[in-house]
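Please look over the model below before reading the comments.

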Amino acid sequence: MKNALNYYYNLYPTSIHQINDSYKCYVDDEEYLLTPYNNDIKIVNKIYELSNYLLKINIPCHQIIQNNNGQLLTLINNANYILL
């Protein structure tokens, strides 16, 4: 998973911990969670817009991070993942 984080997100974590199907990692004291996305692919953009709006009005929530291709979902090992 380290290679996927490097390639798709230009992240170079100091540590990675697998939690079930998700991966928690740390980069410069920032915590990231790469987790499978099993919901409807058609609504991921709406979730992204909602999370950005909540952050803008100072309501804490996870920030969804786009990959290097500007996409919200990343196909890794035949599964869609999303980075928070």
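The numbered points below go through these topics in turn.

1. Basis. This is a predicted model, in which local features need pLDDT of at least 70, side-chain atom pairs count only at pLDDT 80 or more, and totals for chains, interfaces and linings use all residues. Residues are numbered from 1 along each chain as its sequence is written, and side-chain values use heavy atoms, with hydrogens and water left out.

2. Cysteines. The structure holds 0 disulfides, a disulfide being a pair of cysteine sulfur atoms within 2.5 Å. For Cys25, the nearest cysteine sulfur is that of Cys61, 18 Å away. Cys25 is buried at 1% relative accessibility, while Cys61 is partly exposed at 29% (buried is under 20% relative accessible area, exposed over 50%, partly exposed in between; 1.4 Å probe, protein chains only).

3. Helix end. Lys56 belongs to helix α2, residues 44–56 (helices are DSSP runs of H or I with at least four residues, strands runs of E with at least two, numbered from the N terminus). Lys56 is exposed, at 69% relative accessible area. Between Lys56 and Asn68 there are 23 Å from C-alpha to C-alpha, at 12 residues apart in sequence.

4. Loop residue. Ile57 lies in the loop between α2 and β4 (74–76). With a relative accessible area of 38%, Ile57 is partly exposed.
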